[in-house]
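Visitor: I am new to this structure and should like to learn how to read it. Would you guide me through its features in turn?

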Amino acid sequence: MKFLKRLTLTAAVGLAVGWTATAWAETAAERAVNEAKKYSGTTITIVWEAGLQALDPLNFSGPKWKELTGIEVKVVEAPIAEMFTKIMQEYRAGTGAYDALNVVPAWMPDLANAGALEVLDPYVDKYGFREELQKIAPTYRDNQMTVDGKIYGFPDDGDTFVFYYRKDIFGDPTNQAEFKSKYGYDLAVPTTWKQFAEIGQFLTDKYQPNMYGAAFFRSPGYGQYMFQERFRNEGGKFFDAETMKATINSDIGVRVFTEMRAENKFMPPGVEQFGFVENLAAFLQGQSAMTLSWPPYGRWAAGYGQDVEAFSWVPKSTIAGKVGYALPPGGHPQLAAGFALSVASTSKNKEAAYLFIQWLNSEDVSMQRVQLPYALRDPFRDSHFTSAEYEAKWPDAKAYLATLKQGAETGLLDLSLLQTDKYEEVLRQAISKLWAGDDPKAILDQAAGEWDAITDKIGVDKQKAIYQGWAAKSGAYPQ
Amino acid sequence: MAGMAQTNTIDGASGFAVAPGRAPDRYFKYWLIAPAILLLLAIGLFPLIYSLIVSFQRVTMLDEDYSFAGLVNYAQLFRDARLWQSLLHTAIITAIALPLELILGLLMAQLFLERLPGRQIFVSLLVLPTVISPIVAGATWRLMFDNRYGPINQILGWFAGKPVAALWTVNPDLVYLGIILCEIWQWTPFMFLILLAALSNVDKSLTDAAEIDGAGYWRTFFKIVLPAIWPVMAIAILIRGLDLVRIFDIIWALTMGGPGTMTETISVYTYVQGFQQFETSYTAAMAFLVIVLLTVIVTWAIRRMGLAK
Amino acid sequence: MTIDRPLLRRPAVALSLRYAAAIALTLFFVFPVYWLFIISFKTPEEIFAFPPAWYPKSLQFANYAVLFRDGDAVTVWNSLVLAGASTVIAMVLGTMAAYSLVRFKTGGENLAVWIISQRMMPPIAIVFPIFLAYVWLGKFGGFAWVDSYHGLIVLYTAFSLPYVIWMMRGYIEDIPLELEESALVDGCTRWQVLWRVVFPMARTGLFATSVFTFVFAWNDFLFAFVLTRTEVITYTVQVTHYFGGQSNFWAKIAAMSVLGTVPVFFTVATLQRFLVRGISMGAVKG
């Protein structure tokens, strides 16, 4: 009897708990949709990067949201270089024209300090999003979400640099034998930049002019990310933490610059002018054996999504199945750029805008979004990296995701201070001078001087506080 | 034929204002010009005043400090080496491109002045460069200049007999050449069309008479044709000169002001400062400096060219 | 043109020399345009071919179809409307103003210089104040000025005026005074003189000036970018959407450029008869 009573009691408790669990198991996405229905009929405006990026809200998430909630999503497209300006101008003019925003994390301190972004913590708690926010890959979660401890945006894009290489070339026995005999170690993915230079030269000597050992997007806008990554991998620090003096002109910096220029010699002539698309074309058409870029290269090289009309500008991949994925030499890739979803502080529809971005960023919806064939949003949640659906997309997808995951764990943050663009501009100009043939030490000395001038103008103590906050993050320098 | 001599001068205008017995005509000239002036004032006045006021404040990306800050921005102007370098770069580009566009445009206008079968097609085609958005034109030239995928180095290679690896947007020796080439390509048709219209207004009987008298081609040109088209040509030079000072899209697409700041012109610098970095007050001060400089130059030019007798 | 004169006199030689020069020049000026246009037919492999592909293997119009389907082509129409309307208004107001300046010296040199000084302002410095002004007008005026047709038309007209006024000054100076004076003597009012004598006589100038007034408005990026969001996107702004940090829709860029260029090309071609004045005083040549 007692036993039966206990059984019934246990069963009853079990049922109660189970029922409660299922009743409250509404996902963050569902909650967002349900709460947003009361705004049906309204319109929210979101700023998004123009071009391929914008296809997500235009063709997928916008229409879907409308279908689910009745809220119309208007997409204001802007080229990435002008997004910041457009956001600031509308904010300064107090128009309230934008509701939700895409923000590059490096801009967050500036925008947050200017007051253009809404603090999201109250909404996160109100709509129970904390749990799912925790499931974003740590590097993005811990480094691209907050300023001064307050949440200003949801990391929404797993941008990281991936080292791509032609595993068929590397795996070719003849190549391996020849390389080993010449250099004394095995031909494999380079773990140091010295190895990279040797491998690159070897492959160029053998295969040019049809193929070169490597190619990079060397044009200044991209080159400055590569410098940030490599400099830190080699042990360089951007500033002296005490004095806030720039230390990019240290011996490490000079060495990095010198090596970068020397490497161009075994790359396709004119590589200094290569932008994103030129580099992509070279790699996809089999003209370079190694390169460095964001995750999309990996998908497109595998041929994923290439039939989609949106990719009519991408050369057909001739190397599907031949691409290997790795971390760049040094082991810590740059989490270059990236995007976070924010709410404009002057929006007149803050709640609706917030619910939209919660829905976009949620586990369920983000999983679909990163798998869109035309997606530029790269995996950024733990669940993305281990998704069986994603792993089935092409034979090497599992290795691809594993590399992205590694990158997310070891990745380095973009430098992010007040008026980051000014510092980046100095770096861009330094890179362009490097290709012009100036002396690396002189270039970096001048760059460091310019950095110091910028810091002085902003206020050394002010910037120092921000820098120390940034430098304390796990992704600021290799741990 | 009596009025011929007066055709190209405006001295006769003074006599024109006095028409017999028409007092209301006194206001005619004001009615004519009023709408334009009003519109110019409406659009032009506020930005001018705003910029003027802001230039005395400290409005930046971080601080919206609207308190009066005196001449701090203007003082900064004179310490800013990068600003004066950008002005120098602007002057260089203008000084080289303007005469080239003028001469080439004039030669082209002469070429197409006489009847030519298919002239219509030629002229319509020749206007195309100006119609391509400067941004796209810059991007196209960037692609054409690409060492690997662009045709220009290929073509040069044919002439040279061996592969040419000229890096037009990176090599400091070539960047100015590349920019000026692209600029001339895009805007010589402007000069061409303007001057063609002006040349076609020149009374042929004048030039024919001179030929019959035995004057050589160049003498006819300099003594008769040039004075006839001078008002238009001078203004075209002025307009083109002012636009060259504001050259932006081509440079941005090709070099972004690089390498370093080697090809940074004043508009590139103001773009970076004012648009990307939100140094609103400083940019306003720069703008006024530019206006002052240009006003001085333009006023001098107007006097020299006899445009405001 | 500095060649031996007797040779030049021979029509056939002169003509063929002129033709050769014309073709050479056209090649230079049109080649980049050609390069851009064929990109709209090229496959990406051809766009990034090494060595470069001189012509597309096949003419596929898919890229153009996409632009129409996605509504991008509308932006060409927007630009046509904005540039066209502002050109017409600016030409009328500006030519009238130019006439006043030339024949009556209204405002003297100072006014003329002030007018041209509008073109000296770096656009970056004034775009934000104008944006502010439009926002303010929208709040107090009742209807929107930002992201509207009339907002940009008014703006473009105002910016075209200095150019129109100064260019037409030059062309009007070319018109002999006696024509107008004799018309006045014949009993015409001032307005009639303007319409019946000045405008027709200044035909070539009107044409040349309006072409570039249109072109300047057409090519504007900065103001269109700042002052529009989603409703009145111009073709110049739309094209910049195709340049991404991680993408370059070259085919669309090229196809849009073709779409944008074709109307202007045809307009210039058909209106060319105004370029060369058929009737001049006394002589009927050219």
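This is a predicted model: local features need pLDDT of at least 70, side-chain atom pairs count only at pLDDT 80 or more; totals for chains, interfaces and linings use all residues.

Visitor: How many residues of domain 1 of chain C are in contact with domain 2 of chain C?

Guide: Seven residues of domain 1 of chain C meet seven residues of domain 2 of chain C. On the domain 1 side, helix 2 (11-39) and helix 4 (62-70) of chain C each supply at least two residues. Helix 2 of chain C gives the most to that side, with three residues. By class, the domain 1 side holds five nonpolar, two polar and no charged residues.

Visitor: How is chain A divided into domains?

Guide: Domain 1 of chain A is made of two stretches, 28-155 + 340-376, and domain 2 of chain A covers 162-333. The centres of these domains of chain A, taken over C-alpha atoms, are separated by 33 Å. Their contact involves five residues from domain 1 of chain A and six residues from domain 2 of chain A. The domain 1 side of that contact in chain A has five nonpolar residues, with no polar and no charged ones.

Visitor: What should I note about chain C as a whole?

Guide: Chain C has 14 helices and two strands. Its C-alpha atoms fill a box of roughly 70 × 70 × 30 Å along the principal axes. Of the 286 residues of chain C, 53% count as buried. Among contacts in chain C with a separation of 6 or more, 73% are between residues 24 or more positions apart.

Visitor: How does one check the length of a helix, for instance helix 8 of chain C?

Guide: One compares the span expected from the number of residues with the distance between the end C-alpha atoms. Helix 8 of chain C (residues 149-173) has 25 residues, so at 1.5 Å a residue it should span 36 Å; the end C-alpha atoms are 35 Å apart, which agrees.

Visitor: Where does helix 8 of chain C bend?

Guide: The bend, of about 35°, is at C:Ser160, and the proline C:Pro162 follows within four residues. Helix 8 of chain C is also mostly covered, with 22 of its 25 residues buried.

Visitor: What is the reach of helix 7 of chain C?

Guide: Helix 7 of chain C (residues 123-141) has 19 residues and reaches 25 Å from its first C-alpha to its last, close to the 27 Å expected. Its buried residues include C:Ile124, C:Val127, C:Phe128 and C:Phe131. In general, an α-helix has 3.6 residues a turn, so residues three or four places apart point the same way. The cover over the buried residues of helix 7 of chain C includes helix 4 (80-93) of chain A, helix 13 (280-305) of chain B and helix 8 of chain C. After helix 7 of chain C comes C:Gly142, with a positive phi near 105°.

Visitor: Which residues have the most contacts inside the largest nonpolar core?

Guide: They are B:Ile194, B:Leu195 and C:Ile165, in a core of 279 residues. Helix 8 (residues 175-199) of chain B contributes the largest share of this core, 16 residues. Apart from this core lies another, of 62 residues, among them A:Ala97 and A:Leu376. Beyond its neighbours within four places in sequence, B:Ile194 is in contact with B:Val232, B:Ala236 and C:Ala208.

Visitor: Is B:Ala197 buried or exposed, and why?

Guide: The test is a count of other C-beta atoms within 10 Å, and 20 or more make a residue buried. B:Ala197 has 29, and is therefore buried. This residue lies in helix 8 of chain B.

Visitor: How many residues does chain B give to its contact with chain C?

Guide: Chain B gives 90 residues and chain C gives 97 residues. On the chain B side, the largest share, 15 residues, comes from helix 2 (residues 28-54) of chain B. That side has 59 nonpolar, 25 polar and six charged residues. The contact of chain B with chain A takes 21 residues from chain B and 22 residues from chain A. There, the chain B side has 11 nonpolar, eight polar and two charged residues.

Note on methods:
Residues are numbered from 1 along each chain as its sequence is written. Chains are lettered from A and ligands numbered from 1 in the order in which they are written. Two residues are in contact if their C-beta atoms, placed from the backbone, lie within 7 Å. Ala, Val, Leu, Ile, Met, Phe, Trp, Tyr, Cys and Pro count as nonpolar, Asp, Glu, Lys and Arg as charged, and the others, Gly among them, as polar. A nonpolar core is a set of buried Ala, Val, Leu, Ile, Met, Phe, Trp, Tyr and Cys residues joined through C-beta atoms within 7 Å. A residue is buried if 20 or more other C-beta atoms lie within 10 Å of its own, exposed if 12 or fewer, and partly exposed in between; C-beta atoms are placed from the backbone. Domain bounds come from an automatic or database domain assignment. The expected span of a helix is 1.5 Å times one less than its number of residues. The bend at a residue is the angle between axes fitted to the seven residues ending there and the seven starting there.
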